[in-house]
Amino acid sequence: MRRYASNLVSILVFEHTVMICEKTAHFLSFSTKKTLLKKSRSKLHHKLERGRSKERLDVNAIDAAQPFDFEAKAKVVTDKKKALKIGIVGFGNFGQFVAKRIISKGHTVIATSRGDYSAVAENLGACFYPDIDDFCEEHPDIVILSTSILSTEKVLREFPFQRLRRNTLFCDVLSVKQFPKQLFLKLLPKNFDILCLHPMFGPDSGKGSWRDLPLVYEKVRVGEEKSRKNRCDQFLHLFEDEGCRMVEMSCEEHDRQAASSQFITHTVGRMLGTMELADTSISTKGFESLRSLVDNTYNDSFDLYYGLFMYNKNATIELSRLEQAFDEVKGQLFNRLHEIIRNEIFTEDDASPSTQGLQNSTGSNFQGGLEENLKKN
Ligand code: NAP
């Protein structure tokens, strides 16, 4: 009796599923739909009949894609159509980092670089082309330039653009923005779309989630056709989907803001990195933050850091401001120190400075001199 009831439930579930399929499979011609449904129906009824005679029924996973599930099949086809072919030029630290995430979103990645990264690419699920002509002839929808800032101009001047598709979307991920924007406008074919991007994170700071990490972009030139606009938006959506904080901003404004934030961060991180700060048994939270600042900046190549300085016209002034700030803080310390010593030197009844005190103010035996002056008083 229980078995019969379970078979009955299965039949009802099946009929309901067929009903849904009938409703949703509207994209097929009426005759095709009818034939396919008829076939699936008779197949399952045959199975049920067989099941009844053997007093068992094997319809367990009604949620899984069924042979008559046209919707699931159609979804696979549309998803494939949506996937972008993205080419990465410069498969170093950052190129690989970004490739990994793009692949995980279901897009195809091809890469090229000065060095040979075939094995790395294979591990990541990308295809590596040592020859840049071969890379271009794969006709990626989007090309991401991820070479060092310093080599950008050379790479672009030697790039075989003519082998790419006529309306390729060209973008960059350089940590400076005005420089590649100007170069792109000058050197890229007029029919290319241009998108300047700066993910404000890297392999260390964006190791886990990208949630709330800023991504700055400027759509420098995107053609009017719907397909070109969609392609650009689809690419940006990839970052949005990962939780990035999308910031649309001109390249010039980016450089102004990045000089006083990112460049200063890198400079301080590098300075502290040079000091080789070691962990201590009494490390404070603040000290741990400094150590993580070193981890997030010191691993980047010096080329990258130098590029932040050389190719952002606002960096020099920020470096001077940092230097001034350091001098000012140091000055505050030494002024107070000198004040204490002067108070010791110039007593009320003796207006002449003690030469010993002066020597001690700059010498290593300052403490001894101070004690002696105190004793005298
Ligand atoms: P990078 O030192 O700035 O660049 C290394 C890449 O540049 C490698 O792919 C290297 O190719 C290529 N390259 C260097 N000199 C070259 C030359 N003369 N000709 C051709 N290619 C050359 O380190 P990165 O961290 O990978 O950065 C790549 C880009 O991403 C930079 O523009 C950087 O500003 C940007 N970015 C980096 C981060 C980050 O956190 N690291 C974050 C955001 C944006 P080979 O390895 O084949 O030699």
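Colleague: By class, how many nonpolar, polar and charged residues does the lining of the largest pocket have?

Modeller: This is a predicted model. In it, the lining of the largest pocket divides by class into 20 nonpolar, 21 polar and six charged residues.

Colleague: Which residues that line the largest pocket are the closest to its centre?

Modeller: The largest pocket holds about 1,300 Å³ of space. Its lining comprises 47 residues, and the closest to the centre are F94, S146, T147, S148 and L304.

Colleague: Which helices and strand each supply at least two residues of that lining?

Modeller: The strand is β6 (193-199). The helices are α4 (93-104), α7 (152-157), α10, α11 (285-298) and α12 (302-310).

Colleague: How far apart are the end C-alpha atoms of α4?

Modeller: α4 has 12 residues, and at 1.5 Å a residue they should span 16 Å.

Colleague: What do the buried residues of α4 pack against?

Modeller: The buried residues of α4 are F94, G95, F97, V98, A99, R101, I102 and I103. They pack against β1 (85-89), β2 (108-112), α5 (118-124), β4 (142-145), β6 and α9 (226-241).

Colleague: Is T267 buried or exposed?

Modeller: T267 lies in helix α10 (residues 251-274). Its relative accessible area is 4%, and the cut-off is under 20%, so T267 is buried.

Colleague: With which side chain does the side chain of T267 make a polar contact?

Modeller: Leaving out residues up to four places away in sequence, T267 touches Y305, L319 and L322. The polar contact, at 2.8 Å, is with the side chain of Y305.

Terms used:
Residues are numbered from 1 along each chain as its sequence is written. This is a predicted model: local features need pLDDT of at least 70, side-chain atom pairs count only at pLDDT 80 or more; totals for chains, interfaces and linings use all residues. Side-chain values use heavy atoms; hydrogens and water are left out. Helices (H or I, at least four residues) and strands (E, at least two) are DSSP runs, numbered from the N terminus. Buried means under 20% relative accessible area, exposed over 50%, partly exposed in between (1.4 Å probe, protein chains only). A polar contact is a pair of N or O atoms within 3.5 Å; within protein, one must be able to donate a hydrogen and the other to accept it, and residues adjacent in sequence count only if both atoms are side-chain atoms. Contact means heavy atoms within 4.5 Å. On a 1 Å grid over the protein atoms alone, a cavity is a set of points where a 1.4 Å probe fits but cannot get out, and a pocket is an open set with protein on both sides within 12 Å along at least five of seven lines; lining residues have an atom within 4 Å of a point. Grid points are joined across faces, edges and corners, and a volume is the space filled by probe spheres set on the points. Ala, Val, Leu, Ile, Met, Phe, Trp, Tyr, Cys and Pro count as nonpolar, Asp, Glu, Lys and Arg as charged, and the others, Gly among them, as polar. The expected span of a helix is 1.5 Å times one less than its number of residues.
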